[in-house]
Amino acid sequence: MIKTILSVTLLSLISIKIHAQKIDTTYLEKLLRSHPDKFSHILNHPQRNQVQIRYTQIDRDKDNVPHFKTYSYNLDDHRYFFPASTVKLPTLIFALEKINKLKISGLNKESTMITGADFDKQTTVEKDSTAQNGLPSIAHYIRKVLLVSDNDAYNRLYEFVGRAELNQRLKDYGLTTSRILNRYAVKDTELTSRHTNPVSFYTNGKMVYDQPGKFDPANYPIELSNLVMGKAYLDSSDRLVNKPFNMTNRNAFSMTDQQEVMKKLIFPEVFPLKERFQLMPDDYNLIYTYMSKYPTESDYPKYDPKENWTTSAKFLFYGADSTVTPNPDIRIFNKYGDSYGFIIDNSYFVDFKNKVEFLLTAIVQSNDDEIYNDGKYEYKEVCYPFMKNLGQVIYETELKRKKKYLPDLTKYKMKY
């Protein structure tokens with residue numbers, strides 16, 4: 001009993017230390033500048049390329065409890081960048097939380113999820129040919145989001161949780177420089193994004209939960225700079241509009257909040273119970289497995305390896321090289337995003353052989369013509385190489401870093 005109390009007290013103190021820690025803002029810049037061949041182009045234009053980096057070292061004590069030290073470069077949580085698919089991670093977490101909180105007999109993440117429609121632009125879903133049983137479910141949508149960042153799967157989770165609840169959960173967890181306002185790839189308007197579809201769930205052919213469509217009248221203002229970008233954009237009819245691109249009513253997910261979500265997900269034990277995600281052990285197993293699994297390792301859903309090659313979701317460390325063979329000792333638990341010239345990756349790295357682990361979250365953008373929505377961005381020339389080099393330099397640094405106690409990483413060895 002006494003040992004249990006001491007353990008809880010220790011973890012509470014660790015949590016307080018995590019939140020109070022002062023971030024080192026010089027180390028990363030020195031490290032990057034020591035590799036001018038890889039980073040000089042970016043370092044010379046950090047604002048133009050919208051670079052932000054947050055890197056956290058992890059040291060375990062004799063009881064394998066993690067302790068953190070965080071470093072940043074050009075970090076500004078109030079300077080807006082388009083978060084793209086990275087918002088899908090908290091959305092899927094909140095979907096699992098909602099299933100758990102409903103506590104309805106027969107309702108679980110594998111229950112068949114039927115999506116209806118009762119407002120403009122909404123579409124229905126009754127089948128899913130990529131699932132083993134041919135039916136949609138929360139769990140299968142999560143697999144598709146984590147493997148290939150499927151937009152439709154994210155939209156269905158967004159509709160189930162609801163816009164108001166998504167933003168309430170962000171607030172509950174202290175993620176104050178983030179908001180989730182929109183679906184993706186369906187040309188959501190200010191009005192349609194507020195309306196979410198009716199949803200019903202079935203287990204063994206019997207309805208176990210029915211949720212009507214919802215409307216969210218609330219706004220979620222955040223004090224942000226850099227909301228107006230570039231000099232022009234293409235509108236929905238592909239017409240050039242010679243005005244800056246305004247991102248005022250779009251999703252936001254800051255670097256600090258992204259890494260906080262990852263830290264809370266990977267290391268729930270260091271947070272007090274009230275601050276942890278309300279997930280079951282099997283929920284963590286689902287997320288860990290599909291965050292680190294390669295698309296080529298999946299049978300349901302099954303993907304074309306030419307389009308979704310092995311490391312296609314691992315920008316940090318591997319870039320966008322479809323010919324690379326992944327290091328068999330490394331697994332990267334991550335959620336990436338790419339849109340409007342932005343590349344974002346929020347990752348937890350594990351090297352089981354060399355006992356290396358670290359958190360790395362980064363963003364870079366390239367849009368030389370300053371025209372948005374024209375599909376002309378320097379991903380291959382600027383963004384992918386930067387992400388690859390950054391991940392590899394941090395990894396090489398970690399290989400050389402001495403630790404008093406080597407981590408036991410058994411928890412993160414998943415069955416694929």
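Strand S10 (232–234), strand S12 (245–246) and strand S14 (330–339) each contribute at least two residues to the lining of the largest pocket, where strands (E, at least two residues) and helices (H or I, at least four) are DSSP runs numbered from the N terminus. The structure is a predicted model, in which local features need pLDDT of at least 70 and side-chain atom pairs count only at pLDDT 80 or more, whereas totals for chains, interfaces and linings use all residues. Residues are numbered from 1 along each chain as its sequence is written, and side-chain values use heavy atoms, with hydrogens and water left out.

The space in the largest pocket amounts to about 920 Å³. On a 1 Å grid over the protein atoms alone, a pocket is an open set of points with protein on both sides within 12 Å along at least five of seven lines, a cavity is a set of points where a 1.4 Å probe fits but cannot get out, and lining residues have an atom within 4 Å of a point. Grid points are joined across faces, edges and corners, and a volume is the space filled by probe spheres set on the points. The lining of the largest pocket comprises 31 residues, of which Ala 185, Lys 187, Asp 188, Arg 250 and Tyr 340 lie nearest its centre. By class, this lining has ten nonpolar, twelve polar and nine charged residues, with Ala, Val, Leu, Ile, Met, Phe, Trp, Tyr, Cys and Pro counted as nonpolar, Asp, Glu, Lys and Arg as charged, and the others, Gly among them, as polar.

Two cavities of 30 Å³ or more are found, and the largest cavity has a volume of about 60 Å³. Its lining includes Gln 52, Asp 76, Asp 77, Arg 79, Tyr 80 and Phe 81, together with Thr 177, Leu 224, Ala 252, Phe 253 and Ser 254. Five nonpolar, three polar and three charged residues make up the lining of the largest cavity.

Tyr 340, one of the residues nearest the centre of the largest pocket, lies in the loop between S14 and strand S15 (342–351). Although Tyr 340 is not a glycine, it has a positive phi of about 55 degrees, and it is buried, with a relative accessible area of 13%; buried means under 20% relative accessible area, exposed over 50%, and partly exposed in between (1.4 Å probe, protein chains only). A positive phi of about 55 degrees is also found for Asn 204, likewise not a glycine, which is placed in the loop between S6 and S7 and is exposed, with a relative accessible area of 82%. The peptide bond from Tyr 300 to Pro 301 is cis, with omega near 0 degrees, and Pro 301 lies in the loop between H9 and helix H10 (315–318). Most residues other than glycine have a negative phi, and most peptide bonds are trans.

Strand S6 (residues 199–203) is joined to S7 by five bridges, the two running antiparallel; two strands pair if DSSP finds at least two bridges between them. The bridge partner of Ser 200 in S7 is Asp 210.

Across the whole structure, 23 salt bridges are found, a salt bridge being a side-chain nitrogen of Lys or Arg within 4 Å of a carboxyl oxygen of Asp or Glu. Lys 411 is partly exposed, with a relative accessible area of 38%, and Glu 269 is partly exposed, at 25%. Salt bridges that share partners join Asp 152, Arg 156, Glu 159, Arg 183 and Asp 188 into one network. Within this group, the side chains of Arg 183 and Asp 188 meet at 3.1 Å, N to O; Arg 183 is buried, with a relative accessible area of 7%, whereas Asp 188 is partly exposed, with a relative accessible area of 21%.
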